[in-house]
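I opened my notebook to write down what I looked up in this model.

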Amino acid sequence: MEQKHKILVVDDEQDLLEILKFNLETEGYEVATATSAEEALHLNLGDFNLLLLDVMMGGMSGFAMARKLKDNPSTAAIPIIFLTARDTENDTLTGFSLGADDYISKPFSIREVLVRVRAVLRRTADPSTQQSNTLRYQGIEMNLDKKTVSIEGEDIPFTKTEFELLHLLLDERGRVFSRQELIDRVWPKDVLVLDRTVDVNITRLRKKIGPYAKCIVTRLGFGYYFDA
């Protein structure tokens, strides 16, 4: 069984902590929270795969906490994404000079956070534990190197178009794609594709992912999205 990534969210806004915790756990991560840098430093930080760290907090700032972590060999390699309401060049440069892996300005969308978290975790994964470049959602597993898909452990044959459709919807789950966007992102530019062709391929895709067919939702008048 795949081990869950553990994420620590440090922010002095309790409402924001709860929102981030809920959405990250929905994505399958194990999440802990702290309302201050001082509280976070009392945790066993070496257990975490990623920190989401607010910059401006009462007491110790996120930058000061990051410096302490980077100065300690046991925590220096933990990836950090800074969260901040201050969107200035100096702050951004300070964050990256401290070894930040990403920097997200408030207010942000939850989808943006989830996409960036996935990207940082992929980028910083230990090669010895990463068997292949994979994209997963519950019992769906896509091997992006071998271009294969398994559903609940069973390999299912996919055409190139079906694979690219599932990859796009799954990688940006929650986002509604119009039929024209799907045509532009999936089909070759020199091929004439009708809206009906998209609908047919979505129908085939739903059949192939079986118990997860209901996750591909039709938003009437807009298009399709993967509801996770």
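I first looked up which residues join α1 and α5, and I found that Ile19, Leu20, Asn23 and Leu24 in α1 meet Ile110, Val113, Leu114 and Val117 in α5, where contact means heavy atoms within 4.5 Å. I sorted the residues of this contact into seven nonpolar, one polar and no charged, with Ala, Val, Leu, Ile, Met, Phe, Trp, Tyr, Cys and Pro counting as nonpolar, Asp, Glu, Lys and Arg as charged, and the others, Gly among them, as polar.

I noted that the model is predicted, that local features need pLDDT of at least 70 and side-chain atom pairs pLDDT 80 or more, while totals for chains, interfaces and linings use all residues. I also noted that residues are numbered from 1 along each chain as its sequence is written, and that side-chain values use heavy atoms, with hydrogens and water left out.

Next I looked up the geometry of this pair: the axes of α1 (residues 14-26) and α5 (residues 110-123) come within 11 Å and cross at roughly 55°. That angle makes α1 oblique to α5, because angles under 35 degrees count as roughly parallel, over 145 as roughly antiparallel, 65 to 115 as roughly perpendicular and the rest as oblique. I recorded the crossing of α1 and α5 as right-handed, meaning that the near helix is turned clockwise from the far one by less than a right angle.

For a second pair, I found α6 (residues 160-171) and α7 (residues 179-186) packed at an angle of about 115°, with their axes 10 Å apart. Their contact is made by Thr161, Glu164, Leu165, Leu168 and Leu169 of α6 and Leu182, Arg185 and Val186 of α7, and I divided these residues into five nonpolar, one polar and two charged.

Then I asked myself: is serine 36 buried or exposed? Serine 36 counts as buried because its relative accessibility is 17%, and buried means under 20% relative accessible area, exposed over 50% and partly exposed in between, for a 1.4 Å probe and protein chains only. I placed serine 36 in the loop between β2 (30-34) and α2 (37-40). A polar atom of its side chain lies 3.0 Å from the backbone nitrogen of glutamate 39, and, leaving aside neighbours within four places in sequence, serine 36 is in contact with Val10 and Met57.

Last, I looked at the whole protein, in which 42% of the 228 residues count as buried.

Terms used. Axes are lines fitted to C-alpha atoms, for helices over the stretch in contact, and angles run from 0 to 180 degrees between N-to-C directions. Helices (H or I, at least four residues) and strands (E, at least two) are DSSP runs, numbered from the N terminus. A polar contact is a pair of N or O atoms within 3.5 Å; within protein, one must be able to donate a hydrogen and the other to accept it, and residues adjacent in sequence count only if both atoms are side-chain atoms.
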